[in-house]
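Got your viewer open and a selection tool ready? Here is a short tour, one stop at a time.

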Amino acid sequence: SNLAQARSIGRRLAAFRWPPPTSTAGGKGPGAAMAGDPKDTDSKPLLEKPADDVMQKLGSAIQDEARCCKEAIRGFFQEAKNPTFALNAELAFRNACCMVILGLPFLIPKGHVKALDDFKETGLYTLGCVFFCVFNLGKSFGETLCNVVHGIKGALIAVFHIWALWSIFPHSVTDDSPPYVFWIGVADGVVFIGVILLLNFNMSTKIFSICSHVGWWMLFLKPGDNGFHWPGSDEWDPTEDAAFSCLVTTAIGAVLALLSALLPYPLLARDMADEVAKDLARNAPQTWRLMVEYLSNTSRNAYKQDQVYRNMVRYDTKCKGLSALLDSSWWESFGMVKSRLIRRKLRRLDQAMAQGSECIHAIWGTASDLEWDDTHNTMMARIAPTMNQCVDHAEKLMNECYRASIAGQLSDVQIQDLRILVASVKESEVALAKVVHEFRQSVGLKASESGKENHKLLEKWVLPHVLAFNLSCFLHSIVSFAEDLDKGNVDMNSLPLADLVGSWSDLVKGVLEPSNMNFVKRAMICINLSFVIGFFGYEPLIKPYFSGIAATSSLLLSKFTGSAIVKNLGRVQGVVLGMVAGQIIKSFFHTCDWYNVVLLGLVAFLWSFGLLFVWHNGSPQTSFVGSLAACFGLSMILSGSCTPIGKEQVIDKEGTYDSIVTNIIACCIIILVDVCIGPGRADEHAVDSMIKVFDHIDQTLESHFDPSHKEALARASTLQATTDCAQEMGDHANNEPRIWKTAWKADVYNYTITRVHHMRFSLRSLESCMSEGFVKGGARNKFLQDLLGTRAFPDLGKFLRKKLGVVKKLCTIFEHDTTARLPVLADPDVSTEMITEAHEHINRLIQELTDEKKLFVEESKPSPCMREDEFAQLCMTYGSLEGIMRDLRLIQHSILREC
């Protein structure tokens, strides 16, 4: 009875409202229900929280199931031995399952599944779904969705355009139509292809819009009744409309491509970004500890050096992948608020990790080729424990920052934890500056009257101070990251943008650049020439009004600017291998017996799995071949119908031969156009890219040593893109046939690229250590202004540019393709020893700073942190300049040995 009474009171409390709601007409409004119907009140829960708890538990259970499924699948593919192989094998397995599902209407014989028979007979489903699916597969759901959206956009553009054309000319070209209908159709098709190629559409949009368009364009120009109608006409039938069929096929291919990224558990770019961010947060402190340990040895240990280098490479690889994953993750949430906040935090983490990588490389550029003495060992023995404590505090803060980055909105407890860890890192940074100051005080830095002796004294102190300076910069980047997370919890706009932004103006941005215009010109000639050949035909090889050649040419579109010969040979390999092997496989399992159908489906799966794995896991040269072979091979396996039991097998050799000829003609046209008006040979692009790299370095040095500039310009980031481009072009040059030219000097070119990367990090150190905020770019700090006020420092800059010019001249060796003597060797500067002159410039600079009491002076108190310590700044500047000169000298030696 007590329980019943409590329930009655609960019902009354649940029904009670104050002030009473106004009754509506008829007494059926909210006010009329104040007393409450027991049924109504029983149906309303008194507490909402249990329902939330149930949903939360359900979500956790789903996540646990997905995690277990992921671990089982990755374990099957041996993730513990090779995570990259496991991921790519899983992707290929998912994609192959998708291909088999797409092929079921073509694999299952007619008469077994009525629904499939009816659907296939509508004509709305074609093998085009295979091409659409394969060309738009990605490594995550976000990447796949991005590709699918762009592909569907291309199909929609083509469909609505052709419907518009047919609405103006409902009967298209006929025997009785005026000539202007034909020529308007020709002009319309040419202009459509040109506009699509010219504008900055995604490549998937370009491919599928043009590939769809050329077939309907040919249909429009073919005289006679072609049965094509636009939706506004009375004769329009969706089951017979090729354009509507294209949309259905595209939609089915898109759905299956997305399902392959969602089942059996979703491959989300956000989850991958979280994993990469976690690895970065773990790898960064480990790399710093290894660097401190390496420089704490009594002498340079080559094996420890290799260990540091391996961790640096792993660190850089993770940094490069995080940004792309964050871009793809936008498609998984479409910018929802919570996800946007997390992605902004991860974008900020990416920036902090990139700054940490640059600091590590700045030390590497100075320390990788140097030996050290007892002075270095004594100082490192004193400051290494404090440095390790700094790294320990930074590691705790980084782990907390990572957890805060993936948590969305932070609680007060999390913010307080962040602030406590930030304070501890700042305290350790102050402690490091204090230990360094005390050591210098105990040793006593006393200048001599000779600039040469002061130079030797500075050399002994460089490495520990470079390490301390960059460690301080790294700690500062982590602290800034944590403080930005704190601010971002209140104002999300204080964090860097992580959304996909764009406008209509982006479609025309840079369309007139030479590289884009060259691509448009080549693609226009290829597609239109293929269309003309197909329009007139070449009996008996090609029938008139055949659009297959132009469609294949559009499928093979590429903005590739490397070795065109290698790329085009890859096209031929992929197309021919796929079509011939597909026909052979089909001939072995041709009957409609159930076991042949099952075996053919299994072989289709294995074919797709193997070649799609090559696509995901192969090199740039082999992956393209794998994707084409998968597409064309699967289309041949699924084409046609099985042979009924008891009847003789009929192999459509003629049809296969026609398909092969069609695709080979398309490839030959592309090869011919690339040879005649292509973007040029890869070795020419490699040489041009290398010259651009040295021009970029020259501009950076000129601005850095120019006293008239008020800001330290940030050029190292753009230099990285230029250097990466040069490295890629060098790889392509090494792969292309040289014919009459001498062998490509790959070893010297790659070594030059390696030393240029070292110079890039040295330039980055100059940019950061001489700006007020100790970041890339910004107002010049007082120390740099003092250096520029000397006579020796600008002269040192002129000397560096002179040395750079000599090395730039020697880079003409890469365009020298005969056995004759390199002409530039006649220049006396290329064999002039400049190391003595370099030391003289540095000696004069050090002596001038000493005379002006700006170097080797007694310090009354330590600097707030090592990045603000002027002696550490000088060591960093000296180490960077020495590193640049050493890299230039080594490049010069390697080229002269090759001449």
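**Stop 1: colour by pLDDT.** What you have on screen is a predicted model, so begin with the confidence values. The protein chain has a mean pLDDT of 83, and 88% of its residues reach 70 or more. Now select residues 1-51, where the pLDDT is below 50. Beyond near neighbours in sequence, that stretch has 19 contacts in the model.

**Stop 2: a pair of helices.** Select residues 514-536, which form helix H17, together with residues 548-555, which form helix H18. Their axes come within 7 Å and cross at roughly 165 degrees. Because angles over 145 degrees count as roughly antiparallel, H17 is roughly antiparallel to H18. Look along the crossing and you will find that H17 passes H18 in a right-handed manner.

Next, show side chains where the two helices touch. Which residues of H17 meet H18? On the H17 side, pick Cys526, Ile527, Ser530, Phe531 and Ile533; on the H18 side, their partners are Ile549, Ala550, Ser553 and Ser554. Sorted by class, this contact has six nonpolar residues, three polar ones and no charged ones.

**Stop 3: glutamine 785.** Select residues 782-788 to bring up helix H26, and pick out glutamine 785 within it.

Notes: Residues numbered from 1 in each chain as written. Predicted model: local features only at pLDDT ≥ 70, side-chain atom pairs only at ≥ 80, totals over all residues. Heavy atoms only, no water. Axes fitted to C-alpha atoms, helices over the stretch in contact; angles between N-to-C directions. Helix = DSSP H or I, 4+ residues; strand = E, 2+ residues; numbered from the N terminus. Parallel < 35°, antiparallel > 145°, perpendicular 65-115°, else oblique. Left-handed = near helix turned anticlockwise from the far one by under 90°. Contact = heavy atoms within 4.5 Å. Nonpolar A, V, L, I, M, F, W, Y, C, P; charged D, E, K, R; others polar. pLDDT = per-residue confidence, 0-100.
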